[in-house]
Amino acid sequence: MENICWFCESNDAAEEKAYEVNLKMHNDRKDKIAVNIQRCEECAEKHKKADILSNSMYILELILVAIAYFVFKLEWIYIAIGYFALIRPMSGLSKKIREKVSGPYKSVCDVSKHPVVKDKLEEGYVETRRF
């Protein structure tokens with residue numbers, strides 16, 4: 001098997017930089033597997049940068065919740081409603097950040113297209129990560 005990065009399809013993969021995808025069977029939480037996807041140093045750095053930017057967005061969300069509670073003295077129910085209303089848009093923004101930073105190559109959001117992961121998803125496994 002070739003040792004080429006799956007994400008950029010051009011550079012040599014670095015074994016220690018492989019991207020691990022954790023999967024579990026949808027109806028049996030104890031049935032877990034991990035698929036390692038070959039990745040080069042350059043793609044690993046891009047993915048790391050995307051993770052930092054994406055996670056910073058969630059930290060900003062926590063700061064806004066704290067400001068809403070401590071500065072504006074909003075009740076928790078209103079903060080919770082706002083938080084849950086923003087979960088889906090924040091997840092979509094996180095995905096866009098990861099894709100933009102990884103471009104023109106594949107981002108970690110594309111791992112469901114990897115042949116091994118795709119086969120496992122068809123067998124009934126689901127990804128455990130969230131964006």
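# Exercises: bridges, rings and a patch

The side chains of Lys 113 and Asp 110 form a salt bridge, with 3.5 Å from N to O. The model is predicted: local features need pLDDT of at least 70, side-chain atom pairs count only at pLDDT 80 or more, and totals for chains, interfaces and linings use all residues. Residues are numbered from 1 along each chain as its sequence is written, and side-chain values use heavy atoms, with hydrogens and water left out.

## Exercise 1. Salt bridges

Solution. 

Step 1. Apply the rule. A salt bridge needs a side-chain nitrogen of Lys or Arg within 4 Å of a carboxyl oxygen of Asp or Glu. The count by this rule is 5 salt bridges.

Step 2. Buried is under 20% relative accessible area, exposed is over 50%, and partly exposed lies in between (1.4 Å probe, protein chains only).

Step 3. Turn to Asp 51. Helices (H or I, at least four residues) and strands (E, at least two) are DSSP runs, numbered from the N terminus. Asp 51 is partly exposed at 29%. Arg 98 is buried at 8%.

Step 4. Glu 123 is partly exposed at 48%, and Lys 120 is partly exposed at 24%.

## Exercise 2. Aromatic pairs

Task: assign a geometry to the ring pair of Phe 7 and Tyr 19, then to that of Tyr 69 and Phe 70.

Solution. 

Step 1. Recall the rule. Rings of Phe, Tyr and Trp (its six-membered ring) pair if their centres lie within 6.5 Å; planes under 30 degrees apart are stacked, over 60 edge-to-face, and the rest tilted. The structure holds 5 aromatic pairs.

Step 2. Take Phe 7 and Tyr 19. Their ring centres are 6.2 Å apart and their planes stand at 90°, so the pair is edge-to-face. Phe 7 lies in the segment before strand S1 (19-25) and Tyr 19 in S1, so the pair ties together parts 12 residues apart in sequence. Phe 7 is buried at 2%. Tyr 19 is buried at 16%.

Step 3. Take Tyr 69 and Phe 70. Their centres are 4.9 Å apart and the planes are at 80°, so this pair is edge-to-face. Tyr 69 is partly exposed at 29%, whereas Phe 70 is exposed at 56%.

Step 4. Look for a cluster. Ring pairs link Trp 6, Phe 7 and Tyr 19. Lys 106 lies over the face of Trp 6, 4.0 Å from the ring centre. Such a charge has NZ of Lys or CZ of Arg within 6 Å of the ring centre and within 35 degrees of the ring normal.

## Exercise 3. The nonpolar patch

Task: find which helices each supply at least two residues of the nonpolar patch.

Solution. 

Step 1. Define the patch. Members have over 30% relative accessible area and no salt bridge; like charges are joined within 9 Å, nonpolar side chains (Val, Leu, Ile, Met, Phe, Trp, Tyr) within 5 Å.

Step 2. List members. Among them are Ile 59, Leu 60, Phe 70, Phe 72 and Ile 81, and the patch has about 1200 Å² of accessible area together. Areas come from the Shrake-Rupley method with a 1.4 Å probe; for residues, only the protein chains shown count as cover.

Step 3. Assign helices. H1 and helix H2 (76-102) each supply at least two residues. H1 gives the largest share, 6 residues. Leu 60 is in H1 and is partly exposed at 48%.
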